[in-house]
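Here is a set of questions and answers to read alongside the sequence and the 3D structure.

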Amino acid sequence: MARNREGLVLLIDVGPAMHSVLPDVEKACSLLLQKKLIYNKYDEVGIVVFGTEETGNELAREIGGYEHVKVLRNIRVVDEVVAEHVKQLPRGTVAGDFLDAVIVGMDMLIKMYSGGQKGKKRMCLITNAACPTKDPFEGTKDDQVSTIATKMAAEGIKMESIVMRSNLIGDAHEKVIEENDHLLNLFSSNAIAKTVNVESPLSLLGSLKTRRVAPVTLFRGDLEINPTMKIKVWVYKKVAEERLPTLQLYSDKAPPTDKFAKHEVKIDYDYKVTAESTQVIAPEERVKGFRYGPQVIPISPDEIETLKFKTDKGMKLLGFTEASNILRHYYMKDVNIVVPDPSKEKSVLAVSAIAREMKETNKVAIVRCVWRNGQGNVVVGVLTPNVSERNDTPDSFYFNVLPFAEDVREFPFPSFNKLPSSWKPDEQQQAVADNLVKMLDLAPSAKEEVLLPDLTPNPVLQRFYEYLELKSRSTDAALPPMDETFKRIMEQDPELSSNNKSIMDAFRASFEVKENPKLKKASKRLLRDKPSGSDDEDNRMITYDANENKIDVVGDVNPIQDFEAMISRRDNHDWATKAITQMKNRIVKLVENCTDEGDKALECVLALRKGCVLEQEPKQFNEFLNHLFELCQERKLSHFLKHFTSKKITLIPKSEAPDSDVVDENAGDYFTVKPEPMLES
């Protein structure tokens, strides 16, 4: 076996207690083999099931024992047949002994790859570990497991144990489960093995690592504390986005009888001055150009190479800062892990000492990184301490790239602190929102956390692999419906929603929801809600197309709409001031010529108040409101004053605009400015 290939033996429990989850096991194993056909088509796979009535394995034939363990497929190169075979696992009738299955699988790997063959050897055990194991002929079960684990370590065999306990059939004895968990933990202590406990089909799909990615160092060199102190470190990628396989162009022009045809498609490009020209421009006659204003500046390859910022390879510590100073949204790219050189004991000790002190003092380190010689850019990042909880794993750092000033995007959103109190949730609304958050908790107590990143597969990738397998069998295969398991990743759990319908209804009732009309392109919005103390019920989201309605005057027909359109324009900073001034003049005219109850004037006052809050112009509105009240007194418009005060229109206080000089308690006292006795009608 080649060094970069893997020999894998699947050990699958098919006993009665596993029958309810076997469809999910079949699906997970099938996806594993489908990905091997894409990424690791030369890997070799064997399948062993235990818990069957019949027995079929070499150890049973050679020395006896190892009953109810059956080899469904000997170790050989993965193919489409095994991907189909694993979808039809037998249903066993007896309780399986996972230790017997582990020994049979280990024996298969040792016999297959004896003679010093290079390559990776792995076993994957899938069981609920709820059935008792047989006592050994000599010693204890702990001794037996230690012996097996020692042999596995000597042969370089790794093991993954996936324990499913979501739907146990029958009364599984707690002592049996505790004993089996203890035995599996012994494997982890004495061999290269790990155990993953899962409760759902979704977690099962994520726990079975379907693609093997060999760890490759991104950097090997010095972490320079100062010119006289350097620590040898290695840097690996910790998290990197998994992408769809690269799709290649395929040519069917080769003769069907040519078995060695590669069906490749090669693309050549010709550069010409014009499309009609027949003269092809040679590569040495072409040069890159960069736009600078209206002109294009040509820059030759030699000049581009000279412009590159070149520095020496290495990591340099710039200093330490409080962890709270590095905000989460500053993390830019994939996460790397920085580990000490395992062959340098002093490096291990130095990294451990620094990491532990950083954790204790809640500090992070800022470092400058150049991963390779000739690199054209410098990276500044943050090191976060990762103190290990295992004695056999050294302490390390997580590395995240930080942005430069040019990388940070600033958005002109107003501060939430400037919002009026009427725009903030009250106690009752906050309470129902709290209940909604608690209801949708993905990590409830005594249950497995849902959508753990380590156990959640990418549904887009899994769907692609599934469809590719169907297309390999039939070119006319239709796209199958979305699997229910994958829907749990992209959609809210319907059972959770139905069981907590009252909480959902309470949340919906606490926040008025109105249909928002479809916006036109480049439209501007203005939110008109009820001002403090207003009884107006005709407030809603109004939308205007800024390109279509270039309103520049507050007219007589639709003054409110004109005002909102003007104040929403952003092609000039003066539009807000113009809109406020014209609206004040329009209100004064409406009051002076008032022949009815003054409803239109009051609507304009409400719109002006809202606009001044949005534009944070409280002084203009407050002064105008005082002036308007005085005007009504002078003109003896008692009917308007009565209607005016019934609407409880107030000054804009500090709670709605921090620049206001009016406190909340005095917001309704605008009539006290230059007080005059109220006129009786």
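The model is predicted, so local features need pLDDT of at least 70 and side-chain atom pairs count only at pLDDT 80 or more, while totals for chains, interfaces and linings use all residues. Residues are numbered from 1 along each chain as its sequence is written, and side-chain values use heavy atoms, with hydrogens and water left out.

Q: How many residues apart in sequence are the parts that the pair of tyrosine 39 and tyrosine 465 ties together?
A: Rings of Phe, Tyr and Trp (its six-membered ring) pair if their centres lie within 6.5 Å, with planes under 30 degrees apart counted as stacked, over 60 as edge-to-face and the rest as tilted. The search of the whole structure finds five aromatic pairs, and one of them, tyrosine 39 with tyrosine 465, is edge-to-face at 6.2 Å centre to centre and 85° between the planes. Helices (H or I, at least four residues) and strands (E, at least two) are DSSP runs numbered from the N terminus. Because tyrosine 39 lies in helix 1 (residues 22–39) and tyrosine 465 in helix 11 (residues 459–473), the pair ties together parts whose separation in sequence is 426 residues.

Q: Is tyrosine 465 buried or exposed?
A: Buried means under 20% relative accessible area, exposed over 50%, and partly exposed in between (1.4 Å probe, protein chains only). Tyrosine 39, at 22% relative accessibility, therefore counts as partly exposed. Tyrosine 465 has 1% relative accessibility, so it counts as buried.

Q: At what distance from the ring centre of tryptophan 234 does arginine 220 lie?
A: A charge sits over a ring if NZ of Lys or CZ of Arg is within 6 Å of the ring centre and within 35 degrees of the ring normal. Lysine 578 has its charged end over the ring of tryptophan 575, 4.8 Å from the centre. Arginine 220 lies over the face of tryptophan 234, and its distance from the ring centre is 3.7 Å.

Q: Which residue in strand 3 is the bridge partner of valine 45?
A: Two strands pair if DSSP finds at least two bridges between them. Six strands form an open sheet of mixed pairing, in the order 3-2-1-4-5-6, whose edge strands, strand 3 (69–77) and strand 6 (193–198), each pair on one side only. Strand 2 (residues 44–50) runs antiparallel to strand 3 and is joined to it by six bridges. In strand 3, the bridge partner of valine 45 is arginine 76.
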